[in-house]
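Me: Before I use the labels on this model, I would like to know what each one rests on. Please take me through them.

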Amino acid sequence: MADLDENASLEPQFCVHVDDAAGANGDVVVRLSGDLDIAGADEARAVVDQALGQPRSRLTFDLTDLRFMDSSGIAVLVAATQKVDTVTLRNPSPVIRRLLTIAGLVDIFVLTP
Amino acid sequence: MATRELRRVRFAASRGANDPATPAQPPSATRPALVPPDEFSARRRRRISWVSLLVLVVGLATTAALSWTTYHLNQNNEDRLLRLETKQAATVLSAVVPTIQTPLASAAGIAAAGPDGAARFRTYIASYVGVKLPFVSASLWRLGGGTAQLVLSVGSAPQLAADPAAASSFLSSAKPAAPFSVVGPLGTVARSRLGYAVAVTAGANRYAVYAESPLPAERRAAVTPGSAFSDLRFALYLGRSARTEMLLEANSGQLPISGRTAVESVSFGTSALLLVAAPVRPIGGWVAADLWWILAAGGGVLSLVAAATAEGLVRRRLAAERLTGDVRHLLGEQRTIAETLQHALLPKKLPAVPGVQSAVRYLPGTNGVEIGGDWYDLMPLDDHRFFFVVGDVSGRGVPAGSVMAALRFAIHAFVSEAHPPESVLESLRGMLDVGDDHHFATVVCGIADVERREITVANAGHPPPLCVAVGSAEFVDTPVGVPIGVPGQVPYRSGTLTVPAGATLLVYTDGLIERRGENLDEGLARLRGVAMSASALPLDSMLDTVVAELAQDGLDDDTAILGVRWLT
């Protein structure tokens with residue numbers, strides 16, 4: 001219990017936010033920040049599902065402020081690739097980029113820049 | 001067919017655990033199991049906490065002090081105001097003195113001046129005698145030889161004359177100038193009078209001028225509202241002490257005046273008037289008078305409310321502490337269950353393979369109260385080959401665990417059908433769909449040929465195995481495909497490499513190298529460094545060292561590490 005609490009206070013708060021029509025082509029942009037792990041995965045998935053409530057062909061995740069992501073978080077991003085044609089990851093940090101590379105997932109996303 | 005069965009089982013488990021409509025177990029339902037019922041009710045009947053008592057005592061003490069102070073301030077204030085009012089009333093009384101003194105003195109002067117003094121006296125004094133005038137009776141007396149003889153009188157007959165001896169005694173003692181002498185009260189209580197006299201000398205003769213004023217009937221004073229006396233119960237006595245027979249008037253039936261009283265004395269001729277007064281109602285007002293008990297009542301109620309609130313808080317805190325204890329206990333229990341389940345899903349013992357030594361470590365993550373999705377397996381294929389696999393299902397809990405079990409058993413099935421590693425991964429593709437299941441799995445598997453020291457490895461998004469020999473450590477760099485559960489068209493491919501003699505192959509899950517905010521490369525480099533420095537140790541010690549070095553602060557995530565060492 002104590003461990004959980006301490007970790008919770010040290011971690012930057014995970015936050016998910018949707019900007020409608022903020023993408024280059026009027027795409028929906030889901031901005032993820034903080035640490036996306038098993039604790040935040042359900043919330044992130046719900047937000048993505050809501051953003052994809054109407055049929056779309058593209059979705060952008062803005063990862064500028066995403067510090068860390070575990071496999072539960074990756075699952076959210078990967079699940080999105082099955083619902084739209086193109087999932088763009090904007091500004092993934094080197095940490096996230098490397099994580100996706102090792103997981104063999106770089107090719108299923110469009111990474112910008 | 002086996003796969004289908006397993007999938008159905010997995011979905012069932014997955015639904016049950018993910019269903020948000022599944023009602024949470026109410027805490028009360030679990031409580032009796034944790035706390036024996038009688039112990040629990042005994043706790044509920046506990047005495048009031050000392051904190052609440054302290055709050056109550058402090059509250060009541062403060063209230064009492066405040067109340068007492070208010071009461072005494074009001075008492076002092078009332079005393080002061082009463083003295084002021086009484087003094088004011090006495091001032092009004094003393095204003096009466098000249099209205100008696102002046103006509104008497106003037107009349108005496110007139111009576112003594114010349115032979116027709118008596119006649120002029122009569123004329124003069126007549127204007128002071130009558131209804132609503134100072135006197136009801138005025139008279140002139142001749143004094144001599146200790147007796148007094150009435151010369152003339154105006155108005156009603158002097159009451160004093162009823163007792164000639166008393167009259168002689170009183171009038172003979174009258175002083176020739178101010179102050180006047182006072183006698184009384186004369187007559188009955190119902191109709192009594194007060195008499196005043198001054199003496200005067202005219203040639204050889206001595207005279208006394210005497211006048212009487214009526215006292216109120218029954219000596220009950222009629223007080224006009226708004227006057228100096230209207231707020232007071234009072235009694236007025238002649239003389240310097242409150243003797244009943246010397247009562248001149250009072251507005252109260254209850255004598256002597258009791259309770260809070262103030263006394264003022266005003267000189268009145270040769271005697272004095274004594275005014276004893278008490279307030280009719282609180283002079284400072286009802287609010288000031290009642291404030292002390294309003295404070296006492298209000299403070300008492302507030303103290304009780306505060307104590308009750310404190311008691312409520314204390315009890316709630318105790319309940320929360322109990323609940324925390326219960327939750328801690330439940331979490332521990334859940335962790336134990338998770339670990340038990342995990343162990344049930346993982347191989348109890350790695351099978352022996354000739355020519356190699358194998359060992360495994362499994363570490364539940366520090367956050368783990370749920371079952372993890374990491375697994376490992378080792379399967380001998382023939383006398384010199386074995387299949388190894390390490391995988392990691394994303395997420396935690398029973399759903400992740402059931403996916404893990406399904407994958408593990410499926411792999412067993414495919415391996416028994418002699419699939420090569422890349423084909424095994426290919427066969428797993430359809431088993432999991434991240435879109436529906438919310439899980440995916442990274443898997444690295446391979447076939448090792450003990451005799452040829454050759455490994456063929458296929459990788460589905462998993463961190464690369466590390467091949468450690470004495471003084472060197474290299475990651476197994478084979479093609480990496482997408483994790484299981486991620487749709488993709490690119491087929492899985494395997495890579496084959498030869499390991500050095502006596503090499504140790506370390507296959508692990510990402511928990512070992514993953515740190516928040518850190519690039520995985522740093523974790524990989526750390527693992528490589530630690531493994532290399534421990535390369536000369538026996539396999540078990542090597543794994544222990546790796547785990548100890550990389551899990552110094554505890555591992556966030558579950559971690560599995562499989563080590564296989566070639567004996568030649």
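This is a predicted model: local features need pLDDT of at least 70, side-chain atom pairs count only at pLDDT 80 or more; totals for chains, interfaces and linings use all residues.

Me: What makes residues of chain A and chain B count as being in contact?

Reply: The test is that their C-beta atoms, placed from the backbone, lie within 7 Å. By that test, 27 residues of chain A are in contact with 31 residues of chain B. At least two residues each come from helix 1 (2-10), helix 2 (38-51), strand 3 (58-69), helix 3 (71-81) and helix 4 (94-102) of chain A. Helix 3 of chain A gives the most, with six residues.

Me: Which classes of residue make up the side of chain A that touches chain B?

Reply: That side has 15 nonpolar, seven charged and five polar residues.

Me: Why is strand 4 of chain B called largely enclosed?

Reply: A residue is buried if 20 or more other C-beta atoms lie within 10 Å of its own. Nine of the eleven residues of strand 4 (residues 192-202) of chain B are buried, so the rest of the structure largely encloses this strand.

Me: How do you know that strand 4 of chain B pairs with strand 3 and with strand 5 of chain B?

Reply: Pairing needs at least two bridges between the strands. One bridge links B:Ser181 with B:Ala197. Strand 4 and strand 5 (residues 205-214) of chain B are antiparallel over ten bridges, and B:Ala199 has B:Ala208 as its bridge partner.

Me: What lies between the strands in each hairpin?

Reply: Four residues separate strand 3 and strand 4 of chain B. Between strand 4 and strand 5 of chain B there are two residues, and in that hairpin B:Gly203 takes a positive phi near 65°.

Note on methods: Residues are numbered from 1 along each chain as its sequence is written. Chains are lettered from A and ligands numbered from 1 in the order in which they are written. Two residues are in contact if their C-beta atoms, placed from the backbone, lie within 7 Å. Ala, Val, Leu, Ile, Met, Phe, Trp, Tyr, Cys and Pro count as nonpolar, Asp, Glu, Lys and Arg as charged, and the others, Gly among them, as polar. A residue is buried if 20 or more other C-beta atoms lie within 10 Å of its own, exposed if 12 or fewer, and partly exposed in between; C-beta atoms are placed from the backbone.
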